[in-house]
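Subject: Handover of a structure and the findings on it

Dear colleague,

Please find the sequence and the structure below.

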Amino acid sequence: MGIISWIVLGLLAGIVAKILLPGRDPGGFIGTTLIGVAGAFVGGWISTRFLDRPIAKDFYDGATWVSAIGGALVLLIAYRILFGHSRSR
């Protein structure tokens, strides 16, 4: 996949992570987008490094989407822990 595909995948993964973990986060849409893109890269890295599952070159591979969404969820949780408590607002 090209870099544009990873950005689109990350954007969609960030949106899905935001839907799964609703609440007010500092950063808004831009922050969610950046967390999603970073989560796509982190999820892909974790998938190849620790799960011995290489990321496919196909944009529509289910494992790629699951790892990207999982990475975005992990980063969103870490972001909330470090920079704000979304439930208290």
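The 22 residues of helix α3 should span 32 Å at 1.5 Å a residue, and its end C-alpha atoms are 31 Å apart, which agrees. The expected span of a helix is 1.5 Å times one less than its number of residues. Helices (H or I, at least four residues) and strands (E, at least two) are DSSP runs, numbered from the N terminus.

Please note that this is a predicted model, in which local features need pLDDT of at least 70 and side-chain atom pairs count only at pLDDT 80 or more, while totals for chains, interfaces and linings use all residues. Residues are numbered from 1 along each chain as its sequence is written, and side-chain values use heavy atoms, with hydrogens and water left out.

Overall composition

The protein contains 3 helices and 0 strands, and its elements run α-α-α from the N terminus on. Of its 89 residues, 36% are buried. Here, buried means under 20% relative accessible area, exposed means over 50%, and partly exposed lies in between (1.4 Å probe, protein chains only).

Helix α3 and its cover

In α3, the buried residues are Thr64, Trp65, Ser67, Ala68, Ile69, Gly71, Ala72, Leu76 and Arg80. What covers them includes α1 and α2.

The axes of α2 (residues 28–49) and α3 (residues 62–83) come within 6 Å and cross at roughly 120°. Axes are lines fitted to C-alpha atoms, for helices over the stretch in contact, and angles run from 0 to 180 degrees between N-to-C directions. The two helices, α2 and α3, are therefore oblique to each other. Angles under 35 degrees count as roughly parallel, over 145 as roughly antiparallel, 65 to 115 as roughly perpendicular and the rest as oblique.

The crossing of α2 and α3 is right-handed. A crossing is right-handed if the near helix is turned clockwise from the far one by less than a right angle, and left-handed if anticlockwise. On the α2 side the contact involves Ile35, Gly36, Ala38, Gly39, Ala40, Val42, Gly43, Gly44 and Ser47, and on the α3 side Ser67, Ala68, Gly71, Ala72, Leu75, Leu76 and Tyr79. These residues divide into 9 nonpolar, 7 polar and no charged. Ala, Val, Leu, Ile, Met, Phe, Trp, Tyr, Cys and Pro count as nonpolar, Asp, Glu, Lys and Arg as charged, and the others, Gly among them, as polar.

The C-alpha atoms of glycine 44 and valine 66 are separated by 9.3 Å, although the two residues are 22 residues apart along the chain. The buried residues of α2 also include Gly31, Thr32, Thr33 and Val37, and what covers the buried residues of α2 includes α1 (3–20) and α3.

Helix α1 and its partners

Helices α1 and α2 pack at an angle of about 115°, with their axes 7 Å apart, in a right-handed crossing. Residues of α1 in this contact include Trp6, Gly10 and Lys18, and those of α2 include Phe29, Val37 and Phe41. The contact residues divide into 10 nonpolar, 5 polar and 1 charged.

The axes of α1 and α3 come within 8 Å and cross at roughly 60°, which makes α1 oblique to α3. This crossing, too, is right-handed. The contact includes Val16 of α1 and Leu73 of α3, and its residues divide into 13 nonpolar, 2 polar and 2 charged.

Valine 16 lies in α1 and is partly exposed, with a relative accessible area of 31%. Its C-alpha atom is separated by 8.7 Å from that of leucine 73, 57 residues apart along the chain.

Yours sincerely

Key:
Contact = heavy atoms within 4.5 Å.
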